[in-house]
Amino acid sequence: MTHFHPTWRAGLFAAALLLPGAAQAALKVFACEPEWGALAREIGGDRVDVYTATTAMQDPHRIEARPSLIARARNADLLVCTGAELEIGWLPVILAESGNRAIQAGQPGQFFAADFVALREKPAVLDRAAGDVHAAGNPHIQTDPHNIARVGAALAERMATLDPADAGVFRNRWADFSARWTAAIARWEKAAAPLKGAPVVVQHKAFPYLQSWLGLKEVAVLEPKPGVEPSLASLAAVKQRLAAEPAKMVIRAAYQPARPSEWIAAQAGVKAVVVPFTVGGDAQSGDLFGLFDSTVSKLLAGLN
Amino acid sequence: MLRPALLAAALAAAFPAHADADLDALRTEIRDMKAAYEARIQALEARLQQAETAAAQPQPSPETQTRGGFNPEVSLILQGRYAHLENRAERGIGGFMAADGHEHGGGGRGFSVDGSELVLSASIDPYFRGYLNAVLADGEVEVEEAWAQTTGLGQGFTIKGGRFKSGIGYQNEQHAHAWDFATNNLVYAALFGEGYAQDGVQLKWLAPTDTFLEFGAELGAGGAFPGTNNDGNGAGSVALFGHVGGDVGASNSWRAGLSWLRAKPRGREFEGHDVNEVETAGDFSGKSRTWLADFVWKWAPDGNPTQRNFKFAAEYFQRKESGTLACDDADPADPGLCSGGLAAPFMADQSGFYAQAVYQFMPRWRAGYRYDRLFRGDVLFNGADAGDAFESLADHDPKRHSLMLDYSPSEFSRLRLQYTLDQAMAGVDENQFYVQYIYSLGSHGAHKF
């Protein structure tokens, strides 16, 4: 290795700073949902440039294939989405219109989180008479922090594959996050112990992973069929069920309409609990840790 | 992890204070060792966790686990309607040489079943995607679209080849089942019949900007109105378009575009009445140039359209045609203005627009209003106003008001009521009522913006 004179080295360094592209660009991530955007940021730090396509106030099933999303997908190196048909109403258009080879099916730049998690509620019969069911199973996997860890481990490896120069950074940051995450899970599980066996009503079948993680017992669902808005008749039926089998609370995600939950809460004397569902779903859910801090504390508050 | 720290403490105690330099060197070495250990332990922990994750659950082949069940994706659209219309001998658009009212077999009075759309699509291989849209109607199958599109070009480029709906305008790429009203707007009805389809190739490029910016060019056979099948090599039609779009905050998004279409009609059929009510048969040859400007704006609170949302769309066109119009009597026994055959210069400079607003005021329910307006402009035949020669080209600015209310029990079904005040032909002022159903079976087709 030749040694440069210090002034030369300073000059080279300055040139490297000035020349666009001389410094290696950060990995561009297009995240379909806020939880995956936050996870990519935890792993990538300042070595990733993350664009999150949806917010916690939006229903991830029903997103418009907006021009802005197509424009962002065009430049992405890595697409991180839930998969399991959650985005089937809009992502295919984004992919087809993006003109971006890197994120197409079969490319390493296309990452579906649901591929790395065992899905629940796989329908035995595929029939739309049962509502908007997903053939692959329930896609709302992010409500169990163990799933976040499973997806994160795979995502860190995928990011390392796509950007070998920063592979060390990604692996180290993942190891660091993973250690803190494991500790946090233990903390949440300890705090949430009183929730075990608590009977709950859910507005949409959005929480099977959360329920199995914390041992919540789902006694009723407000939506008569997945994706079908509750009607007065279906709500009345739930109310009747609750008279026989009382529940502690009715849970809905931040993006879901308040009225069905509020109605059943008033009628059946249960607490209406809004969980953030994903990063940004409430003031405390600024990141993944905040998401579960808030979820656990809101559920605990629902017990009283 | 305690060991390096203990070692450091032991070393610090064992060495006399004056051996500062040696101690510093040792400290550095120990710190390095400690860092190296920690990195290795972290790596081991990460690997262990990965192994646990992998072991904790069965990993069936992910491709089959989370992708759609069918390949190719199949969907079927069922459409039909009841139309309450006046009994009129002919329906057309006054003052315009308009495309034939191609209406999927439906379009009559009373009950009718529109053609059923069968859609198949899939990845062909890692490089192409294929799509077929065939309309099944009584005794015929019409191929609306049949194309392959590249997926692997990258750099924002895509090439589509086959029969496809042209990328011009806004509504043009939508199939009838995706329209917000039961009937087509006057702009598209006059310009293309239903929409403009190309048999040809399309090149699109998406700019690498955060603002959506897309450019496209198409070369096609140009057989569809306003062009004709000319049985020639080369391109019968050329289309160019550009679109720009973006978001305003989380709640608003928009797209605007400008398009241009050139077609070469050769002997394009023109049937009408001369001013003496004598039926004439003629054809037009020349050039046809169309400009289209389109704008769409959508609003939903926080970008969540499930409860309430609003959509505004408007398109404006200008079409210039010039060439020769030849005409003759449809029935030689009934001589009229075109008796014995007449061919003379023809020129038309026409424009129009539609503007529509659709509001979903509660889940499942939407209401909408559309205003269609065409301007007949200048139409000259043989150096004089064409209205002096042909009744159907007489000076009249067609317009229509439409009000609709639709109810969608789910994303896959829609029932629609529509009232239209139709003034598309001179002297006609018709109240029209429509009841329409649209059902979608099979795979979950994603809709464009």
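## A strand with two partners

In chain B, B:L417 stands opposite B:V435 in β19(B). On the other pairing, B:L417 in β18(B) is the bridge partner of B:L405. Two strands count as paired if DSSP finds at least two bridges between them. Strands themselves are DSSP runs (E, at least two residues), helices are DSSP runs too (H or I, at least four residues), and both are numbered from the N terminus.

Here's how the pieces join up. β17 (residues 399-410) and β18 (residues 413-423) of chain B pair in the antiparallel sense over 10 bridges, and they form a hairpin with two residues between them. β18(B) is also joined by 10 bridges to β19 (residues 430-442) of chain B, again antiparallel. That hairpin has six residues between its strands, and B:G427 in the turn has a positive phi of about 75 degrees. Strands of a sheet pair through backbone hydrogen bonds, either parallel or antiparallel.

Residues are numbered from 1 along each chain as its sequence is written, with chains lettered from A and ligands numbered from 1 in the order in which they are written.

The pLDDT is the predictor's confidence in each residue, from 0 to 100. Chain A averages 90, and 92% of its residues score at least 70. Where pLDDT is low, the predicted coordinates should not be read in detail.

## Chain A in outline

Chain A has 10 helices and eight strands. Its C-alpha trace spans about 85 × 40 × 30 Å along the principal axes. Of its 304 residues, 55% count as buried (20 or more other C-beta atoms within 10 Å of the residue's own, with C-beta atoms placed from the backbone).

Where they touch, domain 1 gives 29 residues and domain 2 gives 23, with contact meaning C-beta atoms, placed from the backbone, within 7 Å. On the domain 1 side, α2(A) gives the most, with five residues.

## A parallel sheet in chain A

What is the strand order of the open sheet of four strands in chain A? The order is β6-β5-β7-β8, with parallel pairing. β6 (217-221) and β8 (271-275) are the edge strands, each pairing on one side only. β7 (residues 249-253) and β8(A) share five bridges, and A:R252 stands opposite A:V274 in β8(A).

Helix α10 (residues 288-303) lies across β7 and β8 of chain A, running at about 180 degrees to β8(A). For such angles, axes are lines fitted to C-alpha atoms (for helices, over the stretch in contact), and angles run from 0 to 180 degrees between N-to-C directions.

## Where the chains meet

Chains A and B each put 52 residues into their contact. On chain A's side, the elements that give two or more residues are α3 (67-74), α4 (91-98), α5 (145-162) and α6 (167-191).

Conventions: This is a predicted model: local features need pLDDT of at least 70, side-chain atom pairs count only at pLDDT 80 or more; totals for chains, interfaces and linings use all residues. Two residues are in contact if their C-beta atoms, placed from the backbone, lie within 7 Å. A residue is buried if 20 or more other C-beta atoms lie within 10 Å of its own, exposed if 12 or fewer, and partly exposed in between; C-beta atoms are placed from the backbone.
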